[in-house]
Amino acid sequence: MLTNRDLEKMVDTSDDWIRTRTGIEERRIAPPGTTTSDLAFAAAQQALKQARLKPQDIELIIVATTTPDMLFPSTSCLVQQRLGATQAVCFDLSAACSGSVFAMITAQQYLLNGRYRNALVIGAEVLSSFIDWTDRSTCILFGDGAGACVLQPVKRGGILATDMGSDGRAADLLYMPGGGSKHPPSHQSVDQRLHFLRMNGTEIFKLAVRRMAESAQRVITTGKIKPERVACFIPHQANVRIIEAVVKRANLPPEKVFMNLQRYGNTSAASNLIALYEAVKTGRIKRGDHAVMVAFGAGLTWGSILLQW
Ligand code: ACO
């Protein structure tokens with residue numbers, strides 16, 4: 001665990017600044033040597049146990065991540081190997097913080113067209129490996145984590161409506177320049193610190209509010225449900241001020257919004273799935289309840305899911 005007080009010793013910041021600007025109090029940092037597939041595997045095991053499925057039952061594994069173990073093979077293939085899910089088709093999905101919502105919607109398509117009946121969706125990140133721990137404007141925001149869910153076809157309930165969008169024109173607002181074909185790793189790329197995340201926080205803030213509010217409203221309209229019938233809203237856990245602004249703009253009931261970013265910070269592709277898990281575990285979402293997941297991330301990407309648990 002890394003608290004705001006710990007960060008005070010690393011960069012010129014304060015617990016008060018971080019709390020008031022972001023709502024974050026602490027975040028989880030994976031021990032050195034821990035990989036994204038390690039976290040993904042642990043979350044997958046829990047999801048399979050709860051779904052009472054064996055690894056061999058799984059036909060599709062999608063890992064949403066911005067921090068794969070390696071550029072290739074996919075982290076999902078590494079998880080497949082660890083699980084022994086020999087019957088599964090595996091691929092990773094890159095949609096930054098919208099990753100788990102995009103992956104759930106992608107898996108849903110295979111269930112709807114009858115191709116697969118048991119899909120495992122995982123959002124996992126070891127962001128701490130890609131954070132510049134000398135940059136106070138970014139290092140305070142993020143944490144490591146993983147969440148997972150099993151999707152199966154259902155006759156009633158489940159995913160009722162979805163919404164997705166992207167805008168590559170704003171790709172330069174949040175990105176990691178190094179390590180890919182544009183700037184392959186070299187002494188120069190390391191000297192220039194290209195292998196760390198870079199962000200224009202103010203612009204991202206404004207667009208996150210606008211896009212998440214619009215997406216939440218669209219999925220509610222598409223799902224033909226009154227907002228007051230939604231038991232729980234699960235926004236991407238980036239910043240309490242972003243969430244409050246989304247709630248205001250989309251006219252959502254604040255008391256129904258789930259937040260756990262105080263404890264985890266922004267875990268990117270893992271964020272919505274960890275929050276969904278905790279919302280169910282703490283009784284904020286009960287069987288038969290409607291819930292709305294809303295995500296936003298680099299790309300830009302955004303998306304929402306209306307589901308009935
Ligand atoms: N501690 C103390 N001071 C800081 C820190 C820090 N950690 N970081 C920045 N500051 C200073 C700045 O240098 C600036 O000082 P100045 O006025 O002397 O120039 C001052 O605080 C204000 O900086 P701003 O960037 O204007 O602060 P702002 O209120 O916009 O908050 C923040 C910054 C928290 C990054 C905000 O812009 C934000 O949350 N943006 C969204 C970013 C985000 O969530 N990204 C995640 C990925 S996308 C997603 O998940 C939605």
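Q: How many residues of the shell around the ligand are nonpolar, polar and charged?
A: This is a predicted model: local features need pLDDT of at least 70, side-chain atom pairs count only at pLDDT 80 or more, and totals for chains, interfaces and linings use all residues. Residues are numbered from 1 along each chain as its sequence is written, and side-chain values use heavy atoms, leaving out hydrogens and water. With Ala, Val, Leu, Ile, Met, Phe, Trp, Tyr, Cys and Pro as nonpolar, Asp, Glu, Lys and Arg as charged, and the others, Gly among them, as polar, the shell has eleven nonpolar, eight polar and four charged residues.

Q: How many residues surround the ligand?
A: The closest are T13, R21, R136, H236 and N239. Counting residues with a heavy atom within 4 Å, the total is 23.

Q: What share of the ligand's accessible area does the protein cover?
A: A polar side-chain atom of N239 lies 2.7 Å from a ligand oxygen atom, and one of N266 lies 2.9 Å from a ligand oxygen atom. On its own the ligand has 1,000 Å² of accessible area (Shrake-Rupley, 1.4 Å probe).

Q: Which element gives the most to the shell around the ligand?
A: Elements that give two or more residues are α2 (15-22), α6 (136-139), α8 (201-222) and α9. Helices here are DSSP runs (H or I, at least four residues), numbered from the N terminus. With four residues, the one that gives the most is α8.

How values were computed
A polar contact is a pair of N or O atoms within 3.5 Å; within protein, one must be able to donate a hydrogen and the other to accept it, and residues adjacent in sequence count only if both atoms are side-chain atoms.
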